[in-house]
Amino acid sequence: PGRGRPSCTDLMVFANSETGKKVVVGVEGKVDEAFGPRVGEWLQAGKTEAHRENRETRLDGLCAALGFTVENILNVRYQLLHRAYSALETAREVGAQSAILAIHSLEDRGPHGENWEDFREFVLALGCRDFAAEKLCRVGTRHGVEMWVMWVTERTVKGQIKESDPVAGKRGRVGNNESNPDSIFSGVDSFIDAFFGLEDVG
């Protein structure tokens with residue numbers, strides 16, 4: 001909604017569930033960089049009145065799609081809204097029944113730090129009261145699409161890939177070389193297939 005650049009989701013996966021339904025998975029990889037400014041900060045950063053009005057229009061559209069009111073999410077990280085909307089809108093465009101927003105923490109440690117807390121706040125605002133790391137959480141219908149969210153760590157990704165494709169693990173295809181973006185998500189098709197129960201990943 002509004003004018004501006006499209007969302008730059010790290011990885012957009014198109015797949016089918018075991019029952020043949022189309023699913024879109026938007027994967028955002030994070031190490032320790034933040035999810036950008038909070039919504040309130042982002043709104044105030046408009047350089048001109050026209051710029052600020054466009055941001056208000058965009059935010060209204062994002063909130064309408066995600067079931068938020070602006071007043072309740074001023075402390076939420078703006079990037080999370082944008083990435084969630086991107087997954088939902090992409091699902092609508094391709095006729096997918098479900099969309100998953102998955103945050104892939106590229107550190108091997110468990111849930112911790114500011115990013116985890118920011119994502120948890122976002123998910124709670126969506127209404128997921130039983131949210132936990134490494135677990136798919138159903139949000140409900142948003143923007144005409146069944147929405148799910150998940151936080152998954154690098155340790156789990158590597159373990160799942162090695163379990164589903166031992167040869168890949170032995171060849172080191174699950175390395176975490178940030179200078180080579182392909183290596184960050186290498187084998188992610190095997191991971192998504194096994195972890196989310198999806199098939200025909202593309």
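1. In strand β5, Trp-148 is the bridge partner of Arg-138. Strands here are DSSP runs of E of at least two residues and helices are runs of H or I of at least four, both numbered from the N terminus. The pairing behind this bridge is that of β4 (residues 137–142) with β5, antiparallel over five bridges; two strands count as paired if DSSP finds at least two bridges between them.

2. This is a predicted model, in which local features need pLDDT of at least 70 and side-chain atom pairs count only at pLDDT 80 or more, while totals for chains, interfaces and linings use all residues. Residues are numbered from 1 along each chain as its sequence is written, and side-chain values use heavy atoms, with hydrogens and water left out.

3. The chain has eight helices and six strands, in the order β-β-α-α-α-β-α-β-β-α-α-α-α-β. It has 202 residues, 48% of them buried (under 20% relative accessible area; exposed is over 50%, partly exposed in between; 1.4 Å probe, protein chains only).

4. Contact means heavy atoms within 4.5 Å. Of the contacts between residues at least 6 apart in sequence, 63% join residues at least 24 apart.

5. Strand β5 (residues 145–153) is largely enclosed by the rest of the structure, because eight of its nine residues are buried. Strand β3 (residues 98–105) pairs with β5 in the parallel sense over eight bridges, and Ala-99 stands opposite Met-147 of β5. The hairpin of β4 and β5 has two residues between the strands, and His-143 there takes a positive phi near 60 degrees.

6. Arg-142, in strand β4, deserves a remark. Arg-142 is buried without a salt bridge, and the nearest side chain of opposite charge, Glu-146, is 8.3 Å away. A salt bridge is a side-chain nitrogen of Lys or Arg within 4 Å of a carboxyl oxygen of Asp or Glu; Lys and Arg count as positive, Asp and Glu as negative, and His and the chain ends are not counted. Beyond four places in sequence, Arg-142 touches Ala-65, Leu-66, Gly-67, Leu-88, Leu-126 and Met-147.

7. Leu-81 belongs to helix α3 (residues 78–94) and is buried, with a relative accessible area of 0%. Phe-68 is 13 residues from Leu-81 in sequence and 9.9 Å from it, C-alpha to C-alpha.
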